[in-house]
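Hi everyone, and thanks for coming.

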Amino acid sequence: MRMPKPRGPLSEWTVARLAATASDHELGPAPSAGSWEDETITLWTLHELSYRGFEDAADRAEWDPEALAVRQTLEIALEERLRDRWAGADVSPADVRPADVPKALERVVAEDDGPSLADHVRRHATLDEVLELLRQRSIYHLKESDSSAWVVPRLPVRAKAALMELQYDEYGDGDPNRLHSHLFARGLVAVGLRSEYGAYVDDALPETLEMNNASSMFGLQRRLRGAAMGHLAAFEMTSSLPSRKMVQGLSRLGLDGAMTAYYDEHVEADAIHEHLAARDICGTLAEDEPDQASEIIFGAFACLDLEARFATAVLAAWDRA
Amino acid sequence: MSELWDDGTDQEFDHPDVVLQPHGPMLLRGATSVQDATGTVHAVTRPVVALCRCEKSSRLPWCDGTHKVIPRG
């Protein structure tokens with residue numbers, strides 16, 4: 001994959017900085033971001049260096065001190081946005097008791113009133129809308145579960161074993177054909193879209209990028225391990241029923257085959273994973289590290305909040321069209 | 001009896017093969033096949049499966065999350 005098209009002065013600087021090898025001293029210090037969108041594509045680009053990376057970035061760029069400084073500034077701002085919204089929403093008790101974490105997760109999910117893209121796909125979406133949604137979703141699904149994998153070494157015994165039990169299934173139970181991100185790639189091909197890793201980054205909405213940036217940030221920072229696992233739990237707890245609606249919508253539009261199979265797999269898999277995530281991962285993590293209890297709920301809130309913002313943006317764009 | 005570590009805690013963890021979720025499915029670990037209520041045998045390809053207990057799943061014997069939209073009596 002090549003680096004994305006810049007969307008403002010900061011991403012322009014970042015792309016130049018990461019590509020630079022000998023000429024980096026000519027670039028000068030990083031400018032301010034021109035917009036929120038410029039911030040989101042910059043942070044997405046910087047995070048990608050820790051996944052598969054870019055063919056046109058210097059291989060050492062992941063640990064370039066100037067790039068790391070930009071990443072830190074943007075992550076601080078992102079975390080602040082998420083925490084401010086969490087503080088402003090009165091759904092999540094910040095002082096949840098460790099033993100109540102699984103129930104608190106259920107409550108946060110039950111109280112989520114964001115619009116449902118799966119409902120729209122099931123009943124009304126046009127073929128073009130579904131393809132646009134799949135392009136946006138591809139940013140995450142082509143690296144599905146990878147950000148959670150970073151958290152494994154940071155967990156106590158029970159949560160670590162449970163996360164691995166869940167991840168083993170995400171990564172295909174040892175069969176590369178069943179690796180979830182690979183199932184999605186095959187689905188993209190089946191509906192006539194491009195399946196290469198990162199193919200649609202230049203089409204990604206800032207809301208899509210922000211959603212991905214949050215899960216990467218939670219995964220990359222040990223301090224945010226509780227938020228990462230809460231995010232995972234909320235994601236799994238809101239996946240099974242919507243995946244079934246996606247199957248129904250895709251079938252309504254005649255898109256049977258590998259993409260339907262991808263969502264079909266998630267009906268069944270996530271009906272299992274949601275219990276592992278809420279109880280065996282988040283529940284035991286909160287018992288073993290009580291200060292992580294409210295962080296878990298924060299991560300769950302962030303997951304639902306970012307999905308709601310993404311859904312709102314997408315539905316508004318389709319309304320206008 | 002399991003051994004105690006220096007801090008006196010028991011480090012042998014519960015890890016049952018069958019776990020009933022409150023108002024949810026039965027999680028089953030380590031099975032290789034499951035026979036459903038009609039007698040059909042399904043191969044199991046995952047380390048853990050969730051078996052429907054509300055009988056409203058669209059893909060019995062597996063849970064599909066439907067129990068969450070059924071009012072609790």
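**A histidine, its helix and the neighbours**

Let's start with one pair of residues: the side chains of His47(A) and Glu75(A) are joined by a polar contact of 2.7 Å. Before going on, please keep in mind that this is a predicted model.

So where does His47(A) sit? You'll find His47(A) in helix H2 of chain A, which covers residues 36-48. Is His47(A) buried or exposed? Its relative accessible area is 1%, so His47(A) counts as buried. Setting aside residues up to four places away in sequence, His47(A) touches Arg71(A), Glu75(A), Asn213(A), Ser216(A), Met217(A) and Leu220(A).

Staying in helix H2 of chain A, have a look at Thr45(A). Thr45(A) is buried too, because its relative accessible area is 2%. Leaving out neighbours within four places in sequence, the contacts of Thr45(A) are Met3(A), Pro4(A), Leu18(A) and Phe54(A).

Now for helix packing. Two packed helices are described by the angle between their axes and the distance between those axes. For H2(A) and H10(A), the axes come within 9 Å and cross at roughly 40 degrees. That angle makes H2(A) oblique to H10(A), and the crossing is left-handed. By class, this contact of H2(A) with H10(A) has eight nonpolar, five polar and three charged residues. On the H2(A) side, the residues that meet H10(A) include Trp36(A), Ile41(A), Trp44(A) and our friend His47(A). Among their partners in H10(A) are Pro206(A), Leu209(A), Asn213(A) and Met217(A).

H10(A), residues 206-220, also packs with helix H14 of chain A, residues 293-320. Here the axes come within 8 Å and cross at roughly 165 degrees. How do these two helices run relative to each other? H10(A) and H14(A) are therefore roughly antiparallel, and H10(A) passes H14(A) in a left-handed crossing. The residues in this contact of H10(A) with H14(A) divide into eight nonpolar, two polar and four charged. Including Met211(A), Ala214(A) and Phe218(A), the residues of H10(A) meet a set in H14(A) that includes Phe298(A), Ala302(A), Leu306(A) and Phe310(A). Glu207(A) and Glu210(A) are in H10(A) and take part in this contact, and both are also among the H10(A) residues that meet H2(A).

Next, a loop. Asp100(A) is placed between helix H3 (65-88) and helix H4 (101-110) of chain A. With 27% relative accessibility, Asp100(A) counts as partly exposed. How many residues separate Asp100(A) and Glu287(A) in sequence? They are 187 residues apart along the chain, and in space their C-alpha atoms are 9.6 Å apart.

Let's finish with some backbone details. Most residues other than glycine have a negative phi, and most peptide bonds are trans. Ser145(A) is not a glycine, yet has a positive phi of about 75 degrees. Ser145(A) lies in the loop between helix H6 (127-141) and helix H7 (146-149) of chain A, and is buried, with a relative accessible area of 4%.

Over in chain B, Glu55(B) is not a glycine either, and has a positive phi of about 65 degrees. Glu55(B) belongs to the segment after S5 of chain B. Is Glu55(B) buried or exposed? Its relative accessible area is 65%, so Glu55(B) is exposed.

Finally, which residues does a cis peptide bond join? Those are Leu60(B) and Pro61(B), with omega at about 10 degrees. Pro61(B) is found in the segment after strand S5 (48-51) of chain B.

Technical notes
Residues are numbered from 1 along each chain as its sequence is written. Chains are lettered from A and ligands numbered from 1 in the order in which they are written. This is a predicted model: local features need pLDDT of at least 70, side-chain atom pairs count only at pLDDT 80 or more; totals for chains, interfaces and linings use all residues. Side-chain values use heavy atoms; hydrogens and water are left out. Helices (H or I, at least four residues) and strands (E, at least two) are DSSP runs, numbered from the N terminus. Buried means under 20% relative accessible area, exposed over 50%, partly exposed in between (1.4 Å probe, protein chains only). A polar contact is a pair of N or O atoms within 3.5 Å; within protein, one must be able to donate a hydrogen and the other to accept it, and residues adjacent in sequence count only if both atoms are side-chain atoms. Contact means heavy atoms within 4.5 Å. Axes are lines fitted to C-alpha atoms, for helices over the stretch in contact, and angles run from 0 to 180 degrees between N-to-C directions. Angles under 35 degrees count as roughly parallel, over 145 as roughly antiparallel, 65 to 115 as roughly perpendicular and the rest as oblique. A crossing is left-handed if the near helix is turned anticlockwise from the far one by less than a right angle, and right-handed if clockwise. Ala, Val, Leu, Ile, Met, Phe, Trp, Tyr, Cys and Pro count as nonpolar, Asp, Glu, Lys and Arg as charged, and the others, Gly among them, as polar.
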